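My entries follow in the order in which I checked them.

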Amino acid sequence: MSISVKNISKSFKDVTAVNDVSFEVKEGELFGLIGPDGAGKTTIFRILTTLLFADKGTATVANFDVIEDYKEIRNNVGYMPGRFSLYQDLTVEENLTFFATIFGTTIEENYDLIKDIYIQIEPFKKRRAGQLSGGMKQKLALSCALIHKPKVLFLDEPTTGVDPVSRKEFWEMLKRLQKKGITILVSTPYMDEAALCDRIALIQDGKILQIDDPKEIVKHFPTTIYDIKADNIYKLLVALKEYKHSYSVYPFGEFVHYTDKRDAIDTKELTLFLKDKGLNNIIIQPTETTIEDTFMELAK
Amino acid sequence: MTDTNVIQVENLTKKFGDFVAVNAITFEVKKGEIFGFLGANGAGKTTAMKMLIGISKPTSGNAKVAGFDVFTNSEDIKKNIGYMSQKFALYDDLTVKENITFFGGIYGLSRKKIEEKRQLLVEELGLQNIVNELVGSLPLGWKQKISFSVALLHEPKIVFLDEPTGGVDPITRRQFWEMIYKASNNGTTVFVTTHYMDEAEYCDRVSIMVEGRIEALDTPKKLKEQFKVNSMNDVFLKLARNIE
């Protein structure tokens, strides 16, 4: 196992940030911690990168214990924290040289590993890091986290606040790194990114809700979801919530995702009910479950 | 300007030295509309929004917001709009109640009105147990919902929301959008930026900025037809691809 976490708990004063969390990440796996702000993702990252002690439980990274062998872990992992943490007043090249030097290596030695990513910011290598755009900062931070050829890469919300195009490119980079044998633990609040991981853990309020392959995880959803649409979404939401058989009602893209308390819905009856509420152009059709649906059901 | 347009923008431009951050954008937003203002990082959204809320003077062009000119009446604009962003919303070291009182005061509401609004807000959001808690101790989702309500305290004609749901959990994100629908249903215009493309589908109309220009503007349905794709995510990828 590349990462092994057993019954880890961590509290800050009276807030339990991580509550009895256990999971394992295999060598070469791309594993996602999927959950919103405040779920405990960053605390887990900090414990695994030896920056924070857990109150309870044990953990190993690359077969090193996070407490006993913290020095070995620091030499063998790359960590990209959620906040941009490079030196703003050093240039792109200076930052990268700095990180290479503290790990006793050089840019040239491991250039192969970062080439893909670094080549995109190399034209700006004399620019100070503080002057870079968001996307470029992200690429520099990833290059710095990789320059000592780590066995395990920790990426804490690398795509938060990043636009869909840059997010897509970032995930393509991760896939290429994975092919080079690096184990990756990545966290994200974007549920659509979960589908790109080998396995995911859904996490909320410090607890893991479920761990599985993203394709499998949606199968845990207990019932059929229906896409419902009408001419006024706000009135539709209000009406569906009033409907006596409704179990869950969530806006979902251009549709509302609806589940019923009964095993099967009565489409005719529901259509009449909605028409009675003054809605028109009603569409009701079964739809596929997404990871986000599963997450909301588990977190309910 | 017609009665139904609450935002009217013509060739609005902002330059910083040689750099054209916003390049002659033209659009209008109708009363009660939910208008999605999308674009990649660095496309010029924030710069454009700053001009519309009266805190940055345009280099050229015209814009009227809530009937007021951005060049000559920016102070009136500020009184007639609500604004919330993810970076700045409420004061962490004040309680929920204190924040409401403070912002009510800033917006010039009477003590009586503030008291009324506070009771209404506490009831609608179910804040009974947390009204005396420090805002800093609340989960992000709560903060964002309260912050949105606070931006509506003075019953503005338009509310500007700058990435209001970033990092918020999926359920709260949807509760937030239900609040947006409700505001819109009551006639408030909502001008919103987001990186969640499913949220783009919730908007009445969506504009997409690429390198300072508005490259597309229509209903989500028509944009998907125009670009022959099935989701707003794909519309966005088609338009903004390969641009950094």
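This is a predicted model: local features need pLDDT of at least 70, side-chain atom pairs count only at pLDDT 80 or more; totals for chains, interfaces and linings use all residues.

Residues are numbered from 1 along each chain as its sequence is written, and chains are lettered from A and ligands numbered from 1 in the order in which they are written.

Entry on one residue. I looked up B:Ile81, which lies in strand β6 (residues 81–85) of chain B; strands (E, at least two residues) and helices (H or I, at least four) are DSSP runs numbered from the N terminus. B:Ile81 counts as buried because it has 24 C-beta neighbours inside 10 Å. Leaving out residues up to four places away in sequence, I found B:Ile81 touching B:Ile53, B:Val65, B:Ala66, B:Pro156, B:Ile158, B:Val159 and B:Phe160, where contact means that the C-beta atoms, placed from the backbone, lie within 7 Å. I also checked B:Tyr107, 26 residues from B:Ile81 along the chain, and the two C-alpha atoms are separated by 9.9 Å.

Entry on chain B. I listed 9 helices and 10 strands, and buried residues make up 44% of the 244 residues. Of the contacts with a separation of 6 or more, 67% join residues 24 or more positions apart. The C-alpha atoms fill a box of roughly 50 × 40 × 35 Å along the principal axes.

Entry on the two chains. I found 29 residues of chain B in contact with 29 residues of chain A. On the chain B side, α6 (170–185), α7 (197–200) and α9 (232–240) each supply at least two residues, and α6(B) gives the largest share, 8 residues.

Entry on chain A. I read its domain assignment, from an automatic or database source, as domain 1 (3–219) and domain 2 (221–299). The centres of these domains of chain A, taken over C-alpha atoms, are 37 Å apart, and 11 residues of domain 1 are in contact with 9 residues of domain 2. On the domain 1 side, the elements giving two or more residues are α7 (191–194), β9 (199–204), β10 (207–212) and α8 (214–217) of chain A.

Technical notes
A residue is buried if 20 or more other C-beta atoms lie within 10 Å of its own, exposed if 12 or fewer, and partly exposed in between; C-beta atoms are placed from the backbone. Two residues are in contact if their C-beta atoms, placed from the backbone, lie within 7 Å.
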